[in-house]
Amino acid sequence: MIDWNSLYFKTTRKETKQSIRTGEMEKIYNGEAKDEPKAYGDASICGYDSLHRLLKDNLKPHHFQEVSRLLTGLNCGKALETITLPESATALSVDHGFDLQAFCFHSDKELLREPRVVRVGLIQNSIALPTTAHFVDQKKAIFEKLKPMIDAAGSSGVNILCLQEAWMMPFAFCTREKRWCEFAEPVDGESTKFLQGFALKYNMVIINPILERDINHGDVIWNTAIVIGNHGNIIGKHRKNHIPRVGDFNESTYYMEGNTGHPVFETEFGKIAINICYGRHHPLNWLAFGLNGAEIVFNPSATVGELSEPIWPIEARNAAIANSYFVASVNRVGTEIFPNPFTSGDGKPAHTDFGHFYGSSYISAPDASCTPSLSRNRDGLLITDMDLNLCRQLKDWWCFRMTSRYEMYAEILAHYVKPDFEPQVISDPSLHKKF
């Protein structure tokens, strides 16, 4: 009997690596895009691995420039600049078949403050072995897969690196099977130890989102992001504030809402926070990180196309604008097939995959500009320079903090959480008259 899951991984990895080495990848993405519609089974967008590349190859240059201005904005009045990375990093991307892109956000020059440029990296990846493989082998294979990508980030001088939600395992929470709890580990567990070596080697802060086992409190499980300092130390952790309950997809089968509030971690490179996955749908969650002084908020996620893809480019960008900070959004990539069928509360028959994790990681700035996204169907590393002075400059420009009415918001929220709350609705008297 053929193991299609295993065959998929072996074939796609081999073909992707071979096509990149021979320079054929661009032909695969760009060929025949203007012909009759075709059926694409590779999770691409009409044969392209991102919307940005589709538009670039099919619009006239002046049209593409104007479309890009509307879609990705302007940074300090100009289109976002690209960064030239060291050959060691580009060689790793070719050898291991991952998308590699690099950009730079500027700020206006100031007279009293020097620029505060931080280099940030995001890694999106698919799992490395079929979900039927031994759990130990699955985790080790993911570690091995990420090594060259982390090395590429480190050799490029990345200061802060963020991995995707629960990067060290398949995103199996859709199955509701308890055996996947075996992937949970303590804060100072295997994944943290693996990354601490890279943090020390490259003087790099690393955000490590894992499935946490709290051994001091009854072995309770949490969805947690651990912040590893650039000296290899553990700075702290944040637990996911909002847990999705969409149809049958209910992560509280495994863990509940976090209890760490909205912490901001002061690192050598800036003040950072982590808004894990589903928290991006809650504007007050974004606001709280901003009120605590965050300059960069990371959003490690695992979300699929049918569920959220239309809102993916909007929510984080809006948060960056509204809160005058940078937002770094990273999403896993690939379709993960599980051994046993499960339902999703949508009336459809039981299935063995949750959907396609569409990657498309990107970074948003407080001035409404953003990077193009990484691939929709390939592993990727996005590297971005950002001048944190831009945060205060946009606060001064828009005055959102000054013009907000926090006391008014606090008042209605205080009333809303009480059982006897009544909405402030003024009805048209004529609605209740009989004519």
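Q: Why is strand β6 largely enclosed by the rest of the structure?
A: Start with the terms. Helices (H or I, at least four residues) and strands (E, at least two) are DSSP runs, numbered from the N terminus. A residue is buried under 20% relative accessible area, exposed over 50% and partly exposed in between (1.4 Å probe, protein chains only). In strand β6 (residues 220–228), 8 of the 9 residues are buried, so the strand is largely enclosed.

Q: What kind of model is this, and how are residues numbered?
A: This is a predicted model, in which local features need pLDDT of at least 70, side-chain atom pairs count only at pLDDT 80 or more, and totals for chains, interfaces and linings use all residues. Residues are numbered from 1 along each chain as its sequence is written, and side-chain values use heavy atoms, with hydrogens and water left out.

Q: How many bridges join β5 to β6?
A: Strands of a sheet pair through backbone hydrogen bonds, either parallel or antiparallel. Two strands count as paired if DSSP finds at least two bridges between them. Here, 9 bridges join strand β5 (residues 205–214) to β6, and the two run antiparallel. Glu212 stands opposite Trp222 in β6. The two strands form a hairpin with 5 residues between them, and Gly218 in the turn has a positive phi of about 70 degrees.

Q: In which sense do β6 and β7 pair?
A: β6 and strand β7 (residues 234–239) are antiparallel, with 5 bridges. Ile228 stands opposite Ile234 in β7. This hairpin also has 5 residues between its strands, and Gly232 takes a positive phi near 85 degrees.

Q: What is the strand order of the open sheet of 8 strands?
A: Read across, the order is β1-β2-β17-β3-β4-β5-β6-β7, and the pairing is mixed. β1 (81–82) and β7 stand at the edges with a single partner strand each, so one side of each has no neighbour in the sheet.

Q: Which strands pair with β11?
A: Strand β10 (residues 265–267) pairs with β11 in the antiparallel sense over 3 bridges, and a hairpin joins them through 2 residues. Of the 5 residues of β11 (residues 270–274), 4 are buried. Strand β12 (residues 296–301) pairs with β11 in the parallel sense, over 3 bridges, and Ile274 stands opposite Phe298 in β12. From β11 the chain crosses through helix α8 (residues 283–291) to β12 in a right-handed β-α-β crossover. Right-handed means that, with the strands pointing away from the viewer, the path from the first strand over the helix to the second runs clockwise.
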